Amino acid sequence: MAVLGLGIQRSMQTRFEDMKGKWALILGVSSGFGAATAKALARAGMNICGLHLDRKSGMPLVDQLVQDLEDLGAKTLFFNCNAADAQKREQVLQDLSEKKIKIHVLLHSLAFGTLKPYLSTEDALGQKHMEMTLDVMAHSLVYWTQGLLAYEVLDRGGRVFAMTSAGGERVWKSYGAVSAAKAALESHIRQLALELAPYEITANSIRAGVTDTPALRKIPGNQHMIELATSKNPFGRLTTPEDVAQAIVALSLPQCSWISGNVLGIDGGENIVD
Ligand SMILES: NC(=O)c1ccc[n+]([C@@H]2O[C@H](COP(=O)([O-])OP(=O)(O)OC[C@H]3O[C@@H](n4cnc5c(N)ncnc54)[C@H](O)[C@@H]3O)[C@@H](O)[C@H]2O)c1
């Protein structure tokens, strides 16, 4: 059994040879799925460029993440800025281009939505809220992909992933704008899968199960959501950021080059149970 385990480990290491020294760009790198995926890709030998939006008080965690990634042997390039700001995007793209960095894996993992009901006499969602949520959580994926191609920094044979949720097709109180953003994000991914195919780049939405992260804790009724997900998940537990990170590493291997245009459930089967 130990010999078999060693064999599998060696064969995985051989597979990771293809990823060594390549770069991932993670939008939303400092927490949750973004941070876990950065670590998992770094373990597979990749370098990490990351964008995040953190106040001074959040920076010690970001510095620790950078240290962890570098301890794993990764080169890092981090930017603390709004990923939906066109000027900032230009600056990052220019930087990547000047440093001759090619992005092999792009992960869109931004959590920045308004969590207000559509209909409320006291605190209803406004037009600005809706536009901001859709812009950050969905449309920014398109602008980043366009920019990476325009600057010729997107690697042939690469991967694009975007984090969606069951909210892309279901409702939850106060989740209307984020739900709309998820539906739009899944649609953008399908379109990108079509338009990126000539570059041999795949695009997939990753539909994670309910996962205990800072973003989840901001959703009104999150405790109820956690209890529901735990009780209905066939595995009897929540999804973890690491579950998703491992799946993204596997999907980034050359062997997965024919998987494109999907919404892939990484949730232990949570979504198939009513
Ligand atoms: N947590 C869940 O249960 C769950 C389930 C399915 C999908 N998702 C989706 O996964 C994605 C990531 O969520 P998470 O739970 O890891 O959240 P998180 O709060 O742990 O991390 C969000 C990250 O986004 C960054 N960020 C937010 N706004 C930004 C901006 N404008 N510019 C740059 N960086 C910005 C933050 O700095 C942070 O690094 C989101 O799209 C979320 O909707 C979450």
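In this predicted model, helix α2 meets helix α3 through Ala35, Ala38, Lys39 and Ala42, which contact Leu65, Asp68 and Leu69 of α3. Sorted by class, the residues of this contact comprise five nonpolar and two charged, with no polar ones. The axes of α2 and α3, the latter spanning residues 59-71, come within 9 Å and cross at roughly 15 degrees. Because angles under 35 degrees count as roughly parallel, α2 and α3 are roughly parallel to each other. The crossing of α2 past α3 is right-handed.

We can turn next to the sheet. Seven strands make up an open sheet with parallel pairing, and their order is β3-β2-β1-β4-β5-β6-β7. At the edges lie β3 (76-80) and β7 (263-266), each of which pairs on one side only. From one strand to the next, the twist averages 20 degrees. Strands β2 and β3 run parallel and are joined by five bridges; here glycine 50 stands opposite phenylalanine 78 of β3. Helix α3 packs on the sheet as well, touching β2 and β3, and its direction makes about 165 degrees with that of β3. Helix α5 also packs on the sheet, where it touches β1 (23-27), β4 (103-108) and β5 (154-164); the direction of α5 makes about 165 degrees with that of β4.

Key. Residues numbered from 1 in each chain as written. Predicted model: local features only at pLDDT ≥ 70, side-chain atom pairs only at ≥ 80, totals over all residues. Axes fitted to C-alpha atoms, helices over the stretch in contact; angles between N-to-C directions. Helix = DSSP H or I, 4+ residues; strand = E, 2+ residues; numbered from the N terminus. Parallel < 35°, antiparallel > 145°, perpendicular 65-115°, else oblique. Left-handed = near helix turned anticlockwise from the far one by under 90°. Contact = placed C-beta atoms within 7 Å. Nonpolar A, V, L, I, M, F, W, Y, C, P; charged D, E, K, R; others polar. Pairing = 2+ DSSP bridges.
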